[in-house]
Amino acid sequence: MSDPAANHEIPGVEPGLAAAIAAADDERRDVRDALRPMRAELPLRYWRQQAHLTTPASDAVMARKAVEGGTSGMPRMLERLGLRASDLAERLELPDELIEARLARPARAPLVMLDGEDAIALRDDVAARGLAVAADILVEADWGGPAGSLRFFRPPGLNLESTVRDLYTLLWQLRARTRGSELPLDGIVFPKVEHPEEVDLVNRLLDRAEADLELPPGQIRVAYLIESGWAASQLPEIARAAAPRLAGLIFGIADFSADLGLPAIATGHPLAEWARAEIVAVAGAVGVPAVDAMTLDYPVADPALDAAANRARWLDRMRLVYDDAVMARELGMLGKWVGHPAQLFAVLLAYEAGLADEVLDQEAAKLEAYETALRADQGATMIGGVMSDRATDRHARVVLRQATALGRFDPARAISLGVIDETERPEAEQAFAAARPQAG
């Protein structure tokens, strides 16, 4: 059927006006289509980024433990320290039953990053070993299937001569050990990027690699570390250049603090808070998760302290990373970097608390009530005493989509509400099945 406006024949509208509307609409659609590539089309699984567990690519034992172990070592850790689940629950101000349940049902890291940059020595032999280990772990480790951990690798930054060598060597090694169009790699974390021109270079490097390796164009996603003054100040331009491949924007507070000459690496420094806000705003605009920096104080024992002091130290550091994660969550960051299984445990607890079942039920009820209002030709309505309209409906959909990706919301209900579509059902059902034993 032809579009009446295209023929300047809008019923009841004077032909000259119809022609003006049609011409303006053509221009509007051209602008909309030109701007569409500036927003990422992110597959559902990439919204599972509540915690990025980083591990050195050069240490095969540690890397495999990070991938396959997740939080499984927490009970032994507590036992070594002489602590009980109730001690941790008290320090975090959470119910004993919740901590006990999570200890009994270990969780995988939503994303594991094999680090080929900061976590290994800058020597060719170490880098080669790290690449071989990374390839082995990516191909052979148990990543938990489709609903398991996302697989990421961090190459050296563009300021190092080994950047392209290491990135391409890993991609070629992975391609040699796999068949078909799938690569056992969900993405790379690119560090030290400061300018959009560098993002353009990364895009070209990956375009050429995919063509040479006969991979689907755009398959290799990229998350960028924002860790300098230039990167923070040019973040919109960087994100626009990165959008077609973008998987997330990550705050790197240590390098950021060094670049700006801050007196300390401090979470609460005003410039750190400004950078976080910028990352949240731009990540939301481009349609990807914002991910917070790592809490550098690891919950580990100090040999110089006695048992009682180490217990207090460990509990304090668990509370610190938990509070940091809650702060990031409330700011709008959808995940946080961690470098230790105990940090992983605390961060998952913090993000889980933001998606409680009663909260998700309330958000779903908003969608259902608003749909009823629309059928009654109302553009806005009151739901639970709160004004609800198209904007609040959109917010509820964002929350429920994230929850569905994490397996926290029933996929059938998500489809009925229009939160996901049928093509995403298999992935959502796998995530839901994997998360159900952890519910309660």
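## Helix H4 against helix H5

Contact is taken here to mean heavy atoms within 4.5 Å. On that basis, in this predicted model, Ala85, Ser86, Leu88, Ala89 and Leu92 of helix H4 meet Asp96, Ile99, Glu100 and Leu103 of helix H5. Sorted by class, the contact of H4 with H5 comprises six nonpolar, one polar and two charged residues.

Helix H4 spans residues 85-92 and helix H5 spans residues 96-104, and the two pack at an angle of about 125° with their axes 8 Å apart. H4 and H5 are therefore oblique to each other, and the crossing in which H4 passes H5 is right-handed.

## Helix H4 against helix H13

H4 also packs with H13, at an angle of about 50° and with the axes 9 Å apart. That angle makes H4 oblique to H13, and the crossing of H4 and H13 is right-handed.

On the H4 side, the residues in this contact are Asp87, Leu88, Arg91 and Leu92, which meet Trp314, Leu315, Asp316, Met318, Arg319 and Tyr322 in H13. By class, the contact of H4 with H13 holds six nonpolar and four charged residues, with no polar ones. Leu88 and Leu92 are among the H4 residues that meet H5, and Leu88 and Leu92 are likewise among those that meet H13.

## Helix H10 against helix H12

Helix H10, covering residues 235-242, and helix H12, covering residues 270-286, have axes that come within 10 Å and cross at roughly 30°. Because angles under 35 degrees count as roughly parallel, H10 and H12 are roughly parallel to each other. The crossing of H10 and H12 is right-handed.

From H10, Leu235, Pro236 and Ala239 take part in the contact, meeting Glu278, Ile279, Val282 and Val286 of H12. In terms of class, the contact of H10 with H12 has six nonpolar residues, one charged residue and no polar residues.

## The largest pocket

The largest pocket has a volume of about 1,200 Å³. Its lining consists of 35 residues, and those that lie nearest the centre of the pocket are Trp47, Leu334, Val398, Val399 and Gln402. The elements that give two or more residues to this lining are H12, helix H13 (307-331), helix H15 (357-375) and helix H16 (390-405).

Of the elements, H16 gives the most to the lining of the largest pocket, with eight residues. Divided by class, the lining of the largest pocket has 18 nonpolar, nine polar and eight charged residues. Two of the contributing helices have already been described in packing contacts: H12 and H13 are both among the elements that line the largest pocket, while H12 meets H10 and H13 meets H4.

Definitions and conventions:
Residues numbered from 1 in each chain as written. Predicted model: local features only at pLDDT ≥ 70, side-chain atom pairs only at ≥ 80, totals over all residues. Heavy atoms only, no water. Axes fitted to C-alpha atoms, helices over the stretch in contact; angles between N-to-C directions. Helix = DSSP H or I, 4+ residues; strand = E, 2+ residues; numbered from the N terminus. Parallel < 35°, antiparallel > 145°, perpendicular 65-115°, else oblique. Left-handed = near helix turned anticlockwise from the far one by under 90°. Nonpolar A, V, L, I, M, F, W, Y, C, P; charged D, E, K, R; others polar. 1 Å grid on protein atoms, 1.4 Å probe; cavity = no way out; pocket = protein on both sides within 12 Å on 5 of 7 lines; lining within 4 Å. Points joined across faces, edges and corners; volume = space filled by probe spheres on them.
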